[in-house]
Amino acid sequence: MEMRVFGRTKMQISVLGFGCGAVGGLMVRGDAADQERTVARAIAAGVNYFDTAVQYGHGQSESNLGRILQALKPANVVVGTKVRVPPGEFGRIDDAVKTSLEGSLARLRRERVDIFHLHNPITESGGGSSLSVRQVLDEVAPAFERQRQQGKIRFLGLTAVGDTAALHQVIEARVFDSAQVVYNMLNPSAAVELPTGYPAQDYARLFDATAAAGVGVIRIRVLAGGALSGSAERHPIASPAPEPIGSAMHYGADIDRARRLMPLVEEGFAASLIEAATRFALSHPAMGTILVGMATPQQFEDALAAVEKGPLPQAALDLLAALRQGFSGEPR
């Protein structure tokens, strides 16, 4: 398994990360034996980053991961979890962060987590479930830092969703060590300029900002919540079709556009759209890991096999860029 230096943290993290989220569902609703077998297999294959959150099954994902890691006792695994501050607690962010982290540590059966990510969207002025840039920099970051000083977290992170300009401001402040960034075949705008009128959120080359700030990158929504399978069918333990992030406004539109990328498979660059999407996520040198969620042990094996084939070749990337040109001008 290829390892990469994770930003300024100097941690070595596997290019394939283990997503413990609710979309795939294995670590939330899966069979306990399947969970244990898949985590053990991942560790044996060289995967060392495991990503969870209290929101995944109301703590169930954290509890399951904690149970398995305590039993396996692997060396040098890196565990990340998250806090989403409820709007009703925006007036007491420090306490909300502390309480959430303590609950996560108890479920994970750990004295500290390696990366603690803010899970709220970030916008310029806040509102709804989102936090403003000033709230993040003036309240969330200091609250995280206090927990770091107490030895409960190693590194500060955020999930880079919300308004593009606000995300750039927070990244460029250089107080966070990790950013989870949307990046997939339907929306590569964290790395490249989008064509005019492209139907997706433009993240304005956010990878340039993370690289300049020394922020490690965890690439999320690699499969666009499953849409990049090209199929609307979902595994029985997977979540319902998720609300798209950074791509179309409706999941069905993501699936339709994904199907229009089938020439990648037809011309032999990959055996499936899922393989193509996984290998695409490896094709940019932005430091860090990719997160792939799963419903079954076999889906982990598929992700591992795709990663072992390496990034897509330049000819495939050129074809993909040409195919995406056809999306320009369509409604989001």
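Leu-186, Tyr-198, Pro-199, Ser-247, Ala-248, Asp-254, Arg-257 and Phe-327 line the largest cavity. This is a predicted model, so to speak plainly: local features need pLDDT of at least 70, side-chain atom pairs count only at pLDDT 80 or more, and totals for chains, interfaces and linings use all residues. Residues are numbered from 1 along each chain as its sequence is written, and side-chain values use heavy atoms, with hydrogens and water left out.

**Cavity and pocket**
- Searching the whole structure turns up 1 cavity of 30 Å³ or more; on a 1 Å grid over the protein atoms alone, a cavity is a set of points where a 1.4 Å probe fits but cannot get out, and lining residues have an atom within 4 Å of a point.
- The largest cavity comes in at about 40 Å³, a volume being the space filled by probe spheres set on the grid points.
- Its lining splits into 5 nonpolar, 1 polar and 2 charged residues (Ala, Val, Leu, Ile, Met, Phe, Trp, Tyr, Cys and Pro count as nonpolar, Asp, Glu, Lys and Arg as charged, the others as polar).
- The second largest pocket has a volume of about 270 Å³; a pocket is an open set with protein on both sides within 12 Å along at least five of seven lines.
- Of the 15 residues lining that pocket, Pro-188, Val-192, Phe-280, Ala-321 and Arg-324 are the closest to its centre.
- Helix H12 (residues 314-325) supplies the largest share of the pocket lining, 5 residues (helices are DSSP runs of H or I, at least four residues, and strands are E runs of at least two).

**Helix H7**
- Leu-206, Phe-207, Ala-209, Thr-210 and Ala-213 are the buried residues to look at in H7 (residues 206-213), where buried means under 20% relative accessible area with a 1.4 Å probe, protein chains only.
- They sit on the same side of H7, because they cover an arc of only 160° around the axis, taken from the directions from the helix axis to the C-beta atoms.
- Their packing partners are strand E9 (153-160), helix H6 (164-172), strand E10 (178-182) and strand E11 (216-220).
- Just after H7, Gly-214 has a positive phi of about 70°.

**Nonpolar core**
- The largest nonpolar core has 107 residues, and Leu-16, Phe-18, Phe-144, Met-185 and Leu-261 have the most contacts inside it; such a core is a set of buried Ala, Val, Leu, Ile, Met, Phe, Trp, Tyr and Cys residues joined through side-chain atoms within 4.5 Å.
- Helix H5 (residues 133-149) gives the most to this core, 7 residues.

Note on methods: Buried < 20%, exposed > 50% of the residue type's maximum accessible area, 1.4 Å probe, protein only. Contact = heavy atoms within 4.5 Å.
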